[in-house]
Amino acid sequence: MLTDILPFSFEVDTVAIAGASLWSLALYLGFFPCSEWVIEQLNRWFNFAERSLYTSQTEFEKTRKARESQNAFYASLFSILPFLGIGTLCNWGVEISLGRSWAISMGILACMGSGIYELGRRDGQSSD
């Protein structure tokens, strides 16, 4: 396996990874307008940064639609990173305050609560 290739060994804390992932999902769902804003800002920045790579306007316009779609995909992927960082901090806080056994349970409860909140928020927007 990997330990045969590398001359050192390292531990992977699966409970911390699962807890941080659950908390980041809960935060992503609970603050969905904020996550949409992060996606939009990243998409704008990717489009701006890629525009500086082209010297001619015709070459830039030739592949614009495909590049903008690719940038939107990358922006949606990278928008997870801030929530993953904050979710790691939330998981760490729960582990410190309540103990390690509560980290996963609180993450699951936070996911359920934020999912129900998001469903209600979307239902409220559709009825307007």
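Biologist: What percentage of the 128 residues of the chain count as buried?

Modeller: This is a predicted model, in which local features need pLDDT of at least 70 and side-chain atom pairs count only at pLDDT 80 or more, while totals for chains, interfaces and linings use all residues. Residues are numbered from 1 along each chain as its sequence is written, and side-chain values use heavy atoms, with hydrogens and water left out. Buried means under 20% relative accessible area, exposed over 50%, and partly exposed in between, with a 1.4 Å probe and protein chains only. Of the 128 residues, the share that counts as buried is 23%.

Biologist: Which pattern does the chain follow along the sequence?

Modeller: Helices (H or I, at least four residues) and strands (E, at least two) are DSSP runs, numbered from the N terminus. The chain has 7 helices and 0 strands. Read along the sequence, the pattern is α-α-α-α-α-α-α.

Biologist: Why is the chain described as more spread out than a compact globule?

Modeller: The radius of gyration is taken over C-alpha atoms, and the globule rule is 2.2 Å times the number of residues to the power 0.38. Along the principal axes, the C-alpha atoms fill a box of roughly 60 × 60 × 20 Å. The chain is more spread out than a compact globule because the rule gives 14 Å for 128 residues, and its radius of gyration is well over that, at 20 Å.

Biologist: What share of the contacts with a separation of 6 or more comes from residues 24 or more positions apart?

Modeller: Contact means heavy atoms within 4.5 Å. Among contacts in the chain with a separation of 6 or more, residues 24 or more positions apart account for 79%.

Biologist: How far apart do the centres of the positive and negative side chains lie?

Modeller: Lys and Arg count as positive and Asp and Glu as negative, with His and the chain ends not counted. The place of a charge is taken as NZ of Lys, CZ of Arg, CG of Asp or CD of Glu. The chain has 9 positive and 13 negative side chains, and the distance between the centres of the two sets is 11 Å.

Biologist: How many salt bridges does the count come to?

Modeller: Side chains of opposite charge can pair when their charged atoms come close. A salt bridge is a side-chain nitrogen of Lys or Arg within 4 Å of a carboxyl oxygen of Asp or Glu. By this rule the count is 7.

Biologist: With which residue does D13 form a salt bridge?

Modeller: The closest N and O atoms of the pair are 2.3 Å apart. The bridge links distant parts of the chain, 87 residues apart: D13 lies in the loop between α1 (2-5) and α2 (14-30), and its partner in the loop between α6 (80-97) and α7 (101-127).

Biologist: What separates E118 and R121 within helix α7?

Modeller: These two side chains form a salt bridge, with the closest N and O atoms 2.6 Å apart. E118 is buried at 5% relative accessible area, and R121 is buried at 18%. Being 3 residues apart in helix α7, they are separated by about one helical turn.

Biologist: Which residues does E95 contact, leaving aside its neighbours within four places in sequence?

Modeller: E95 lies in helix α6 and is buried, with a relative accessible area of 18%. Salt bridges that share partners join D13, E95 and R100 into one network. With those neighbours left aside, the contacts of E95 are A16, R100 and A103.

Biologist: Which residues does N91 touch, not counting those up to four places away in sequence?

Modeller: N91 is found in helix α6. At 3% relative accessibility, N91 counts as buried. Its contacts on this basis are A16, G19, A20, W23 and A103.

Biologist: How far apart in space are N71 and N43, C-alpha to C-alpha?

Modeller: N71 is found in helix α5 (residues 64-78) and is buried, with a relative accessible area of 8%. Not counting residues up to four places away, N71 touches N43, F46, N47 and E50. N71 and N43 are 28 residues apart in sequence, and their C-alpha separation is 5.9 Å.
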